[in-house]
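Colleague: I have this one open for the first time. Can you walk me through it?

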Amino acid sequence: MLQKRIDLGSIPLGLYKTKDEMVKGRLVKFNQKDELLEYATSDAEANAFITLRIETNAGGDIKDHDKIAKGVRAVAYTLVKDNVWSTTEVDGIDALKVGDKLTCGAEGKLAKGEGKFVVTDVTHFGSFPAVDVMYLG
């Protein structure tokens, strides 16, 4: 899942189709050749977080609405220095604490490492752990 916390000018890249099934709250890149959104695999590739409006209230928890189907037009919000986002999509999320640095890992998931993101808060979406992350640019 993904939620804006501090927005200093992030804008949607637009409504571009997804190359594959994706998960809200992960980092993506825009493939200009195919005009498709796909997962980023490094800080250098990452230029946005992906999300999509929840279409229904059916389901038991917020993560029941986490998938974005292949070929769907999704929203990709650009990364702006000092913006803060809340996401569930972090490897090892249960062990993170405020001040930990994060980097873009496999399939757009954040992971602990010397990257361009820092944890500013540890929180929850429904019953799932989440962290607020600031983009350091």
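Colleague: Let's start with serine 86. Is serine 86 buried or exposed?

Modeller: Serine 86 counts as buried because its relative accessibility is 0%. Buried means under 20% relative accessible area, exposed over 50%, and partly exposed in between, with a 1.4 Å probe and protein chains only. This is a predicted model, where local features need pLDDT of at least 70, side-chain atom pairs count only at pLDDT 80 or more, and totals for chains, interfaces and linings use all residues. Residues are numbered from 1 along each chain as its sequence is written, and side-chain values use heavy atoms, with hydrogens and water left out.

Colleague: Which strand is serine 86 in?

Modeller: Serine 86 is in β9, residues 84-87. Strands (E, at least two residues) and helices (H or I, at least four) are DSSP runs, numbered from the N terminus.

Colleague: And what does the side chain of serine 86 join in a polar contact?

Modeller: The side chain of aspartate 132, at 2.9 Å. A polar contact is a pair of N or O atoms within 3.5 Å; within protein, one must be able to donate a hydrogen and the other to accept it, and residues adjacent in sequence count only if both atoms are side-chain atoms.

Colleague: Zooming out, how many helices and strands does the chain have?

Modeller: Zero helices and 13 strands. Of its 137 residues, 42% count as buried.

Colleague: How confident is the prediction? What is the mean pLDDT?

Modeller: The mean is 88, and 81% of the residues reach 70 or more; pLDDT is the predictor's confidence in each residue, from 0 to 100.

Colleague: Now the inside. Which residues have the most contacts in the largest nonpolar core?

Modeller: That core has 18 residues, and the ones with the most contacts inside it are Leu27, Phe49, Leu102, Leu110, Phe117 and Val133. A nonpolar core is a set of buried Ala, Val, Leu, Ile, Met, Phe, Trp, Tyr and Cys residues joined through side-chain atoms within 4.5 Å.

Colleague: Which elements give two or more residues to this core?

Modeller: β10 (101-104), β12 (117-125) and β13 (128-135). The most come from β13, which gives three residues. There is also a second, separate core of 10 residues, which includes Val23, Val28, Ile50 and Ile68.

Colleague: What does leucine 102 touch?

Modeller: Leaving out residues up to four places away in sequence, its partners include Val90, Leu96, Leu110, Phe117, Val119 and Val133. Contact here means heavy atoms within 4.5 Å.

Colleague: What about phenylalanine 49 and phenylalanine 117?

Modeller: They form an edge-to-face pair, 6.1 Å centre to centre with 65 degrees between the planes. Phenylalanine 49 is in β6 (residues 48-51) and phenylalanine 117 in β12, 68 residues apart. Both are buried.

Colleague: Which residues form the aromatic cluster?

Modeller: Phe49, Tyr77, Trp85, Phe117 and Tyr135.

Technical notes
Rings of Phe, Tyr and Trp (its six-membered ring) pair if their centres lie within 6.5 Å; planes under 30 degrees apart count as stacked, over 60 as edge-to-face and the rest as tilted.
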